[in-house]
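Visitor: Hi, could you walk me through this one? I'd like to hear about pockets, surface and charge pairs.
Guide: Happy to, let's bring it up.

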Amino acid sequence: MAKVIQIVEDVTVRFAGDSGDGMQLTGSQFTDTTAVVGNDLSTLPDFPAEIRAPAGSLSGVSGFQLHFSSKDIQTPGDTPDVLVAMNPAALKVNLKDLKPNATIIINSSAFDSKNLRLANYETNPLEDGSLSGYNVIPVPLTQLTMSALEDLNLSTKEKERCKNFFALGLMYWMFNRPIDITMRWIETKFKNRPELVEANKRALQAGYNYGDTTEIFTTRYEIKAAKLPKGIYRNISGNEATALGFVTASLKSGLKLFLGSYPITPASEILQELSKYKEYDVITFQAEDEISGISAAIGAAFAGALAITTTSGPGFSLKTEALGLAVMTELPLVVVDVQRSGPSTGMPTKTEQADLLQAMFGRHGEAPLVVLAAQSPADCFYMAIEASKIAIEHMTPVILLTDGYLAFGSEPLRIPKFEELPEIKVNFRTDPTNFYPYQRDENLVRPWAIPGTPGLEHRIGGLEKRNIYGNISYEPENHEEMVRVRKQKVDNVQKVIPDLVVEGEQEGELLVLSWGSTYGAIKEAIENIKSKGYKASQAHLRYINPFPKNLGDVLNRFKKILIPELNMGHLAFIIRSKFLKDVIQLNKVQGRPFKVSEIENKIIEVLGGKNGK
């Protein structure tokens, strides 16, 4: 029977299975291929923190969601159109998220009595009619994979593990994707195990052929390439983008890059990624703990390097005292906090925006510093460069906030030309004439005098400095003067940051003010309500301390301010206290990013159906 090809604008697919089923690998391969064919895309990996939850259990389900389209998109999609469920637990965990009539491709081989019991199913959902509202396609993925590999000299377990590639091949056929990209990846990944190269390639091809030849599938889907600005693109996750941003900042500044860090989810990938760039003068130091990581980075800054430390949640807390040292010594340091759900160990693989107040105020004494936040996976690249530039040119620690959603999620990045990126000026002091370590320029920035420079010997350390001279001082008036100077120096950064941009009407009934990873969901929500006749504008903060100088003016141009956050109201608290402006909050702390529909519904509720309808 001839297969019908149906052209659609966008699709959301979720792969779900046991933690050992390779769902992250399957999703990332589908993502890479989708990027190559030119679709715009956004991803949301979702997996448990446990190293290995019990196989087949509800707590062990791992998922990977991908939204791809022929138009510009901002989020990984609210509700999947297609679910690939590798076992009963994966079906049960994900069923509530699907669209009505969604397609569910089920590995029917896994629906035995044991797995049904582990998933707390009293009856088999493939037989009891509970899935009648969906387009259910049972495929014995495990059985078909084993048959395709039966003549290979591999263990039963090794053969069974290849079923994710069978599923991937089937999805490649369904969405008209080429399989050769993944074929080449398999050859590289398993180059030292030719038998695994053969097994995985054969499973991938078998899945593709199954879709092509079986009568079960009558329709294929085609999503045209998106019309993106001209350029060379690559698919990139937030952590990869952050790492590459720092490498670029190192090249722009001409400084060696030093990363002192302790591995912690979800920040560890930045350390892993940067360790690949030794030939670019990148030094990575895996310390024994968080305190050592940041302390080593402060030492590297003192020695004249672009110094970075990365962390998340509880690790960020451990760096607190050393952050005060960096403030006191006025050395350039970038701290990346990839936020995760807390407090304490919390939910390490889940996202949240609940470290903002800690970034702003979580230090002893008067210790202000610059706080920035990236808005998308690709934006992590640019904000890493910006954080480095501010740290170096203003001799101050800078905190760059990302989060788990940005870190693991991915989207296309148009690779900029090197000359398009901002210059980073490094001004090492070399002239000993009239040198004082805390003498300042017009922005109150002190000179960067690295050890070993003749005539520039000076004291450094955490005890208060005598103004200009740098000697230890307990004089009351001197301490207050130094506190005020350090604050004003951070405030002066406002001179070089861009004004806040308002997207949409420049004044009116409602402004949606946001920061961090909520940008994409809010942007899509506002586009959706416009099509329904409502009016709202968006302003997104990438600079949080100091704020853009026009923020107060922007807030005063709107009657209502709505602030959606993945916390209980951190930015709302700051806006109220700093601008004496009441705001409306939309808060979510479920370890998941906002859905577009959640923000859309809140905007319509706030507008009350009056504005422009």
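Guide: One term before we start: a residue is called partly exposed when its relative accessible area falls between the buried limit, under 20%, and the exposed limit, over 50%. Also, keep in mind that this is a predicted model.

Visitor: Good. So is Asp 81 buried, partly exposed or exposed?
Guide: Asp 81 has a relative accessible area of 22%, so it counts as partly exposed.

Visitor: Which residue does Asp 81 form a salt bridge with?
Guide: With Lys 99; their closest N and O atoms are 2.8 Å apart. The pair links distant parts of the chain, 18 residues apart. Asp 81 sits in the loop between E4 and strand E5 (82–85), while Lys 99 is in the loop between helix H2 (88–94) and strand E6 (103–107). Lys 99 is partly exposed too, at 31%.

Visitor: How many salt bridges does a search of the whole structure find?
Guide: It finds 34. One of them joins Asp 553 and Arg 557, with the closest N and O atoms 2.6 Å apart. Both ends are partly exposed: Asp 553 has 45% relative accessibility and Arg 557 has 26%.

Visitor: And how exposed are Arg 576 and Asp 582?
Guide: Those two side chains meet in a salt bridge at 3.0 Å, N to O. Arg 576 is partly exposed at 30%, whereas Asp 582 reaches 61% and is therefore exposed. Elsewhere, salt bridges with shared partners join Asp 46, Lys 350 and Arg 592 into one network.

Visitor: Changing topic, what volume does the largest pocket have?
Guide: About 840 Å³. It is lined by 32 residues, and the closest to its centre are Gln 24, Ser 28, Pro 45, Glu 269 and Phe 408.

Visitor: Which element gives the largest share of that lining?
Guide: H1 does, with five residues. Other elements that supply at least two residues each include strand E3 (40–46), strand E9 (233–237) and helix H16 (404–408).

Visitor: What's the lining like by class?
Guide: It has 11 nonpolar, 13 polar and eight charged residues.

Visitor: Last one: which residues make the nonpolar surface patch?
Guide: Leu 251, Tyr 280 and Phe 418 make it, and it covers about 290 Å². Tyr 280 lies in the loop between H10 and strand E11 (282–286).

Visitor: Why does Tyr 280 count as partly exposed?
Guide: Because its relative accessible area is 39%, which is between the 20% and 50% limits.

Key:
Residues numbered from 1 in each chain as written. Predicted model: local features only at pLDDT ≥ 70, side-chain atom pairs only at ≥ 80, totals over all residues. Heavy atoms only, no water. 1 Å grid on protein atoms, 1.4 Å probe; cavity = no way out; pocket = protein on both sides within 12 Å on 5 of 7 lines; lining within 4 Å. Points joined across faces, edges and corners; volume = space filled by probe spheres on them. Helix = DSSP H or I, 4+ residues; strand = E, 2+ residues; numbered from the N terminus. Nonpolar A, V, L, I, M, F, W, Y, C, P; charged D, E, K, R; others polar. Patch = residues over 30% accessible without salt bridge, like charges linked within 9 Å, V, L, I, M, F, W, Y side chains within 5 Å. Areas by Shrake-Rupley, 256 points an atom, 1.4 Å probe, with all protein chains shown as cover. Salt bridge = Lys/Arg side-chain N within 4 Å of Asp/Glu carboxyl O. Buried < 20%, exposed > 50% of the residue type's maximum accessible area, 1.4 Å probe, protein only.
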